[in-house]
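I set out below what I looked up in this structure, in the order in which I consulted it. The entries are kept brief.

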Amino acid sequence: MSTLSEATRRRTFAVIAHPDAGKSTLTEALALHAHVITEAGATHGKGNRKATVSDWMEMEKDRGISIASSALQFEYKPEGYEGEPYVINLVDTPGHADFSEDTYRVLSAVDAAVMLIDAAKGLEPQTLKLFRVCKARGLPIITVINKWDRIGREPLDLVEEIVTEIDLQPTPLYWPVGEAGDFRGLAHVDDDGEVDSYVHFTRTAGGSTIAPETFYSPDEAESKEGDAWETAVMEAELLAGDGAVHDQQMFEQCITSPLIFASAMLNFGVHQILDTLCAIAPAPEGRASDPAAVEASTSAMDEFRELDDEFSGVVFKVQAGMDKSHRDTLAFMRVVSGEFDRGMQVTHAQSDRSFSTKYALTVFGRTRDTVDTAYPGDIIGLVNAGSLAPGDTIYSGRKVQFPPMPQFAPEYFQTLRAKSLGKYKQFRKALEQLDSEGVVQILRNDLRGDAAPVMAAVGPMQFEVMQARMENEYNVETVTEPVPYSVARRTDAESAEELGRQRGVEIFTRTDGELIALFGDKWKLAFIEREHPELTMEPLVAD
Ligand code: GDP
């Protein structure tokens, strides 16, 4: 098969959800439907799946790979579909209780997101931020309302909340028959907003195997389900009457979002999620080079990499020391163009150095398999690729360099230092490595010196990761201290001088050379902005 047809049959997506919304359960259910596993529970192997912070830290200590971004790949053929099976790449997002930059970076490596919402809770604050990031970057979102087998909210109420909070219009594709807690099946809504069929689900013991599905016409459904059917049709058509019907272009621009109700636990609606991904989620596309890199380059460079050009890929996550016995560094890469063959010689665009890809893996959960060939949309882990950082490009043939990974606005700040002065050297070394992996952003200035830099993070859990890894991998115990800042702005050398004279403001240099000003709070910032409109204070935004 050509690279182009391999790319066309691929669907690469991530599930984003608030902790507890059912991401692990859904991942298992998807794997079950794809016949990767025969019984739910096999990928995680833990009966009580809820990972608490301490659990998670234990896992990290144990270098548990399950907290790292990894990808599950499987083939899937929708019912009655005649062509080659689809190849689904489900990219995992960190499962811990707050959203760090890792999650945002994963979003840059996928072509769509599945937004998983708990039917009883609706949109939850932590997740809202992520949904807005998807929306801002135009990443297509498929909305799944999960746990419909439990008592929850009114479906129209949940739709309304998504419209108001994210400015995203859900378009019903599979509307629930039976209220939350009485999940009988799904009414399918066609592109004209008409309900055209009904799938009824039968529970299996504990939901651990695929739930049998029976299909009915609308008339049959009405006599089978009575009022529940009528209500479902009325609600779905009410939305359609309001213009909430699927439109491929509006979906791809993240203006609308196809909506599916499901129960990951009972395996209801899981088939429908997969079928929807195959039918409408975008296939991988080529990617443009970073215009600044093209301009600065002395050698010829591709301005755009087409899918069937030579191999190129972009690194979106680097993780060291995941395997205690090997002490390796794993760089996760998404193939952008061409065919990747293990062992091929590739070049790292940022350093112009070449290296061999003898050790390339697919990674999911604790399982690693050697990968021999990969195509656009696939995710592979490159072992001992220590020089690679998130956002880096690797390629073969003509040079290409993709735009750098966006840095996200940190909101949490702390200093970090080695507990014992004797460990200073190891501390420096560890800091350098973790900085290159982008675990946190590191801010320095002359005043504070190098022994206790300020770490800036998108979520507080990133500090804990940093400390745990310092201890486990470099044997350095560290202490953190709070700093009195909560807002960061990018500035320039000229403004930095004046800003540095203000009370409650401190100026730092980030590792990438950017000058960063930290402010006590947003009121302080607003005050200085009013008093000194001439100074540069740019938000560190997501794009
Ligand atoms: P995660 O934190 O998003 O990965 O959530 P989990 O998959 O670990 O699920 C959190 C809890 O919700 C677990 O106790 C699951 O059994 C439960 N759960 C997940 N999906 C469903 C569902 O569809 N229905 C019900 N009733 N419970 C669910």
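**Entry 1**

I began with T370, which lies in strand β19 (residues 367–370). The model is a predicted one, and I read every value below as computed from it.

I next looked up a separation along the chain. T370 and Y359 are 11 residues apart in sequence, and their C-alpha atoms are separated by 7.4 Å. I then asked which residues T370 is in contact with, leaving aside its neighbours within four places in sequence. I found R342, A360 and L361.

**Entry 1: the ligand site**

I then went through contacts made by oxygen atoms of the ligand. A polar backbone atom of D20 is 2.7 Å from a ligand oxygen. For A21, a backbone N or O atom lies 3.4 Å from an oxygen atom of the ligand. In S263 it is an N or O atom of the side chain that is involved, at 3.2 Å from a ligand oxygen. I also looked up how much of the ligand is covered: taken alone it exposes 580 Å², and the protein buries 83% of that.

**Entry 2: the sheet of 10 strands**

I traced an open sheet of 10 strands with mixed pairing, in the order β2-β3-β1-β4-β5-β10-β6-β7-β8-β9.

Strand β7 (residues 185–189) and strand β8 (residues 195–201) pair in the antiparallel sense over five bridges. In this pair, A187 stands opposite Y198 in β8.

I then looked at helices lying across these strands. Helix α8 (residues 227–241) lies across β6 (169–177), β7 and β8, and runs at about 170 degrees to β6. Helix α10 (residues 270–280) lies across several strands, among them β1 (10–17), β2, β3 (86–91) and β5 (141–146). I noted that α10 runs at about 85 degrees to β2.

**Entry 3: the sheet of eight strands**

I followed a sheet of eight strands, open and antiparallel, in the order β26-β23-β25-β24-β28-β29-β27-β30. Its edge strands are β26 (478–482) and β30 (538–539), each pairing on one side only.

I checked how β24 (residues 441–444) is joined to β25 (residues 454–457), and found three bridges between these antiparallel strands. Here L443 stands opposite V454 in β25.

Lastly, I recorded that helix α13 (residues 461–474) lies across β23 (412–418), β24, β25 and β26. This helix, α13, runs at about 15 degrees to β23.

Methods. Residues are numbered from 1 along each chain as its sequence is written. This is a predicted model: local features need pLDDT of at least 70, side-chain atom pairs count only at pLDDT 80 or more; totals for chains, interfaces and linings use all residues. Side-chain values use heavy atoms; hydrogens and water are left out. A polar contact is a pair of N or O atoms within 3.5 Å; within protein, one must be able to donate a hydrogen and the other to accept it, and residues adjacent in sequence count only if both atoms are side-chain atoms. Accessible areas come from the Shrake-Rupley method with a 1.4 Å probe; for residues, only the protein chains shown count as cover. Two strands pair if DSSP finds at least two bridges between them. Helices (H or I, at least four residues) and strands (E, at least two) are DSSP runs, numbered from the N terminus. Contact means heavy atoms within 4.5 Å. Axes are lines fitted to C-alpha atoms, for helices over the stretch in contact, and angles run from 0 to 180 degrees between N-to-C directions.
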